[in-house]
Amino acid sequence: MSIWDKLDMGKYALYVWGSFGVTALCMIVEPILLRSHATRIRKRIARLNRLEK
Amino acid sequence: MLETLLWIIRRDVTIALRRRTDIFTTLIFFVIVVSLFPLGIGPELDTLRLIAPGVVWVGALLASMLALEQLFLADHRDGTLEQMLLAPQPLSLLVIGKVIAHWLITGLPLVIMAPLLGLQYDLSLEALKVMIWSLLLGTPTLSLLGAIGAALTLGLRSGGVLVALLVLPLYIPVLIFGAGAVEATTSGLGGSSHLSMLGAILLLALLGTPFATSAALRVSAE
Amino acid sequence: MQNRLINWFKYSSPATFYPVAGRLAPIFWVIAIALIGYGLYLSFFVAPTDYKQGEGYRIIFIHVPASWMSMFIYLVMAGWSAIGLVFNTRLSFMMAQALAPTGAMFAFISLWTGSFWGKPMWGTWWVWDARITSELILLFLYLGYMALVGAIDDRRRADRAGSILLLVGVVNIPIIYFSVKWWNTLHQGATVKMNGQTSMDETMLWTMLIMALGFWAYSIAVAMVRVRSIMLEREHDAQWVRDMIGEQA
């Protein structure tokens, strides 16, 4: 029995992968958005620092 | 203490009676919303009788929410609210007074109007009676809970929509038991247990919400 | 005792907590990835096919932990708010705000997976079941909190107003849940037994627990990263922020 057999969800494929897929998407996108938000803020503060000099 | 309470109720009611349009807009909104449903659903009386409790209650919910924004706004603008925060009387007492006045102005007309709307939906006399009782016990809770939302959003630009978002989830128990009481009566089960639940919720709200509202007012008016 | 208290309050200042959060975040990322990875392995390769629900039941390995987390995070936020209101610590309010979007996300995941589980099991995407309805209301409470905090420009007022709303919500949740349950039992049509017939075997329970722990570690990691952003945003004028970031981000 190969890995792919284990992952074959038969007639439930749409539902199982629909659930796991969206969950994975949420939990991957959220950290990425957070990271880009953090770098944006850091850049803004660095610019403020440069301006005030 | 009772004197303060009565004084603030009388003051608020007097002010409201001078500007009667506020009372009427709430009431007319309620009537229009409830009258729209048959137009959307169709005039079959069997269907209408089935949905009447829910429609009237949702209408009352929206109407009483619509009026919330005005609850503290005028006092906030002319500085009365700041005086109230400094007053020697406990703020929660003043809040209760204002909420009672607000209910007399916006809630009570809904209760009086509701049976007429119930007739549009062909409700029986028994059901109409229970509907009045449920509204009488339920709408004060709506005003008490809504006061928290009104205090939290005091003076914000998007206040009106925001109040809806904050307050509607909290209204759900009142909606369930209020509409449930009427529904239980029409289906022959009797609505007394629902009514006692509404009464219990009203008591809880009366004990708890004034403190939350005064805390929120202090935060917002600071 | 006095010493201990002072020690704790030291960490509640943003300037000291910022680097601490920065060190904690990677640790919890590793824990989260390890636990969720192991949980996924268990849910697809170890847990046997259910004799009644077939492969479809594997959805509950994320559905149940996500529901748990959505409720747990709301409680934690309310706890932070209470601490913030009592001790007047800015960090507590920031923690509550850092957790909110993640809690809302888990509430959404819970509803989404619940609906994907419901379609093959009950034949419909949405059922007005007591638990699902309560989860939906919980999502509304999260959205209301985020909308309120976002709408207030004055940070101090936003913190406090949000906290009061959270505490009011926490007091109301049992009443709401009870009323929804009552409403549900009166309208028999929609009542649904979730695990009624399925005997929960031990592997399933373990898988759910490990997934839940993974989600928990994920939430902490995300909250740490987000709280750092919130601190920078709010204190962008403070000297410690300016010194730390310098001129090149």
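Chain A holds 2 helices and 0 strands, where helices (H or I, at least four residues) and strands (E, at least two) are DSSP runs numbered from the N terminus. The radius of gyration of chain A, taken over C-alpha atoms, is 21 Å, well over the 10 Å that the globule rule gives for 53 residues, so chain A is more spread out than a compact globule; the rule itself is 2.2 Å times the number of residues to the power 0.38. The C-alpha trace of chain A spans about 65 × 20 × 10 Å along its principal axes. Buried residues make up 17% of the 53 residues in chain A, a residue being buried if 20 or more other C-beta atoms, placed from the backbone, lie within 10 Å of its own.

This is a predicted model, in which local features need pLDDT of at least 70, side-chain atom pairs count only at pLDDT 80 or more, and totals for chains, interfaces and linings use all residues. Residues are numbered from 1 along each chain as its sequence is written, while chains are lettered from A and ligands numbered from 1 in the order in which they are written.

Now to chain B. Two packed helices are described by the angle between their axes and the distance between the axes. Helix α2 (residues 20-41) of chain B and helix α3 (residues 45-66) of chain B cross at roughly 150°, and their axes come within 9 Å. That makes α2(B) roughly antiparallel to α3(B), a term for angles over 145 degrees. The contact includes F29(B), F30(B) and F37(B) from α2(B), and I51(B), V55(B) and L66(B) from α3(B); residues are in contact if their C-beta atoms, placed from the backbone, lie within 7 Å. By class, this contact has 15 nonpolar, 3 polar and no charged residues. Here Ala, Val, Leu, Ile, Met, Phe, Trp, Tyr, Cys and Pro count as nonpolar, Asp, Glu, Lys and Arg as charged, and the others, Gly among them, as polar.

Further along chain B, helix α6 (residues 91-120) and helix α7 (residues 125-152) pack at an angle of about 150°, with their axes 8 Å apart. That makes α6(B) roughly antiparallel to α7(B). Among the residues in this contact are W103(B) and P115(B) of α6(B) and M131(B) and P140(B) of α7(B). The contact has 15 nonpolar, 5 polar and no charged residues.

Finally, 24 residues of chain C are in contact with 21 residues of chain B. On the side of chain C that touches chain B, α5 (130-151) and α6 (155-186) each supply at least two residues, and α6(C) gives the most, with 15 residues. The residues of that side divide into 19 nonpolar, 3 polar and 2 charged.

Methods: Axes are lines fitted to C-alpha atoms, for helices over the stretch in contact, and angles run from 0 to 180 degrees between N-to-C directions. Angles under 35 degrees count as roughly parallel, over 145 as roughly antiparallel, 65 to 115 as roughly perpendicular and the rest as oblique. Two residues are in contact if their C-beta atoms, placed from the backbone, lie within 7 Å. A residue is buried if 20 or more other C-beta atoms lie within 10 Å of its own, exposed if 12 or fewer, and partly exposed in between; C-beta atoms are placed from the backbone.
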